[in-house]
Amino acid sequence: MPSGPLYGANPATQMIHSGMQQASRSTLQSPLLQEFHANKARNWELRDIMNHVVEFSGDQHGSRLIQHKLESASSEEKQKVFDEIVPHNVLPLIQDVFGNYVIQKLFEHGTQVHKSRLAAEMEGHILALSKQMYGCRVVQKAIEYILPEQQASIVRELEPHVMECIHDANGNHVVQKLIERVSPDRLGFVYAFRGNVQALATHTFGCRVLQRALEYLPETITSPLMEELRASTLLLMQNLFGNYVMQFVIEHGKPQDRAAVVAKLRGQLLVMARHKFASNVCEKALIFADPETRRQLVDEILSPRPEGAVVLSMMKDQYANYVLQRAVGVADIDQRESLINQIRPQLAILRRISNGYSKHLVSSKLIANAR
């Protein structure tokens with residue numbers, strides 16, 4: 001087991017430490033752990049490994065044993081496991097590749113006293129643990145099982161560093177869990193999202209946090225966020241990460257927010273359908289728009305243009321052809337017939353085109369069945 005936490009360690013240091021840790025496990029095993037590995041047929045119980053709980057927690061198979069047994073352990077057995085870990089081994093185990101699962105099980109199956117004490121041992125280290133690969137999982141589990149007062153304590157620790165946490169590959173999951181589990185009146189940090197919505201929506205991790213905020217927070221908080229999103233709707237639709245936020249609003253947002261986003265596609269459907277990321281938003285819009293708006297979007301595909309038929313243009317495009325397929329699938333019966341009547345004469349030409357994406361449209365069951 002590591003002798004102490006890795007607060008602030010860079011990834012290279014953590015990798016070196018991990019390698020040393022694995023070597024240590026293989027060469028410094030106690031006779032009991034060696035016997036455990038050699039005698040898998042024995043029905044091992046928690047009482048058989050007492051005074052070796054920490055060592056077993058840091059071992060892959062030993063950790064699994066403890067996790068499994070804690071689910072049905074007696075109060076006395078849980079207390080003995082807890083006493084071996086707390087206080088001196090809590091932080092090292094939280095950050096351990098196998099030990100973190102044991103701490104998670106204690107949060108799940110321990111007494112409320114155990115959960116509160118474990119959370120207290122984490123205080124002052126929440127930011128560092130949240131940014132650590134295994135520690136972030138334990139922090140998330142703690143948020144699920146501790147009392148509201150200790151949840152608020154975690155929020156207070158992270159609040160000055162919330163943007164740093166959101167931009168972190170591990171820390172963003174902790175912020176998401178706080179938004180999901182903690183009462184909004186305790187989440188003061190969410191007001192820092194205002195003025196930063198576009199930056200969050202276009203960030204690989206920030207877009208996830210923003211989606212959780214829109215999903216779980218009350219309208220008094222989300223309305224200003226939606227105002228910022230509406231101001232950048234077309235830009236976000238075409239962004240690698242922002243398009244997921246737009247899709248989320250269309251699928252899960254309030255009717256007025258969905259309508260506002262979908263309305264931005266009016267007159268822009270062909271342009272957006274040809275875009276790698278925005279085409280996904282177009283498909284979502286066709287699926288979740290209200291019937292009248294969906295009909296208007298399909299009419300936009302059917303309408304002739306000076307530069308040529310929209311349908312033919314979409315058929316030949318590597319992204320728009322998927323939007324066209326979706327339109328055929330969700331259109332009203334009369335519109336579907338019109339779409340297929342425009343598609344059918346071009347199928348022979350498409351079959352001669354060697355590009356892979358045209359094959360999807362040619363093989364579409366809806367179109368094939370309508371021939």
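I began with the term disulfide, which here is a pair of cysteine sulfur atoms within 2.5 Å. The model I am reading is predicted, so that local features need pLDDT of at least 70 and side-chain atom pairs count only at pLDDT 80 or more, while totals for chains, interfaces and linings use all residues. Residues are numbered from 1 along each chain as its sequence is written, and side-chain values use heavy atoms, with hydrogens and water left out.

**Cysteines**

I searched the whole structure for disulfides, and the search finds 0. I then looked up how accessible the two are, taking buried as under 20% relative accessible area, exposed as over 50% and partly exposed as in between, with a 1.4 Å probe and protein chains only. Cysteine 136 counts as buried at 4% relative accessibility, and cysteine 165 counts as buried at 0%.

**Backbone**

I noted as background that most residues other than glycine have a negative phi, and that most peptide bonds are trans. Valine 86 and proline 87 are joined by a cis peptide bond, with omega at about 5°. Proline 87 sits in the loop between helix H5 (75–85) and helix H6 (90–94). Asparagine 51 has a positive phi, near 75°, although the residue is not glycine, and I found asparagine 51 in the loop between helix H2 (31–38) and helix H3 (53–57). Because its relative accessibility is 69%, asparagine 51 counts as exposed.

**Aromatic rings**

I counted rings of Phe, Tyr and Trp (its six-membered ring) as a pair if their centres lie within 6.5 Å, with planes under 30 degrees apart called stacked, over 60 edge-to-face and the rest tilted. The structure holds 3 aromatic pairs. One of them joins phenylalanine 36 and tryptophan 44, which are edge-to-face at 5.3 Å centre to centre, with 80° between the planes; both residues are buried. The pair of phenylalanine 189 and phenylalanine 193 is tilted, because the centres are 6.2 Å apart and the planes stand at 55°. Ring pairs also link Phe36, Trp44 and Phe56 into a cluster. A charge sits over a ring if NZ of Lys or CZ of Arg is within 6 Å of the ring centre and within 35 degrees of the ring normal, and arginine 42 lies over the face of tryptophan 44, at 4.0 Å from the ring centre.

Which residues of helix H8 (residues 112–122) are buried? I listed His114, Lys115, Leu118, Ala119 and Met122. They cover an arc (of the directions from the helix axis to the C-beta atoms) of only 130° around the axis, which puts them on the same side of H8. After H8 comes glycine 124, with a positive phi near 90°.

I took a nonpolar core to be a set of buried Ala, Val, Leu, Ile, Met, Phe, Trp, Tyr and Cys residues joined through side-chain atoms within 4.5 Å. The largest has 105 residues, and Ile85, Leu178, Phe189, Phe193, Leu229 and Leu339 have the most contacts inside it.

Terms used
Helices (H or I, at least four residues) and strands (E, at least two) are DSSP runs, numbered from the N terminus.
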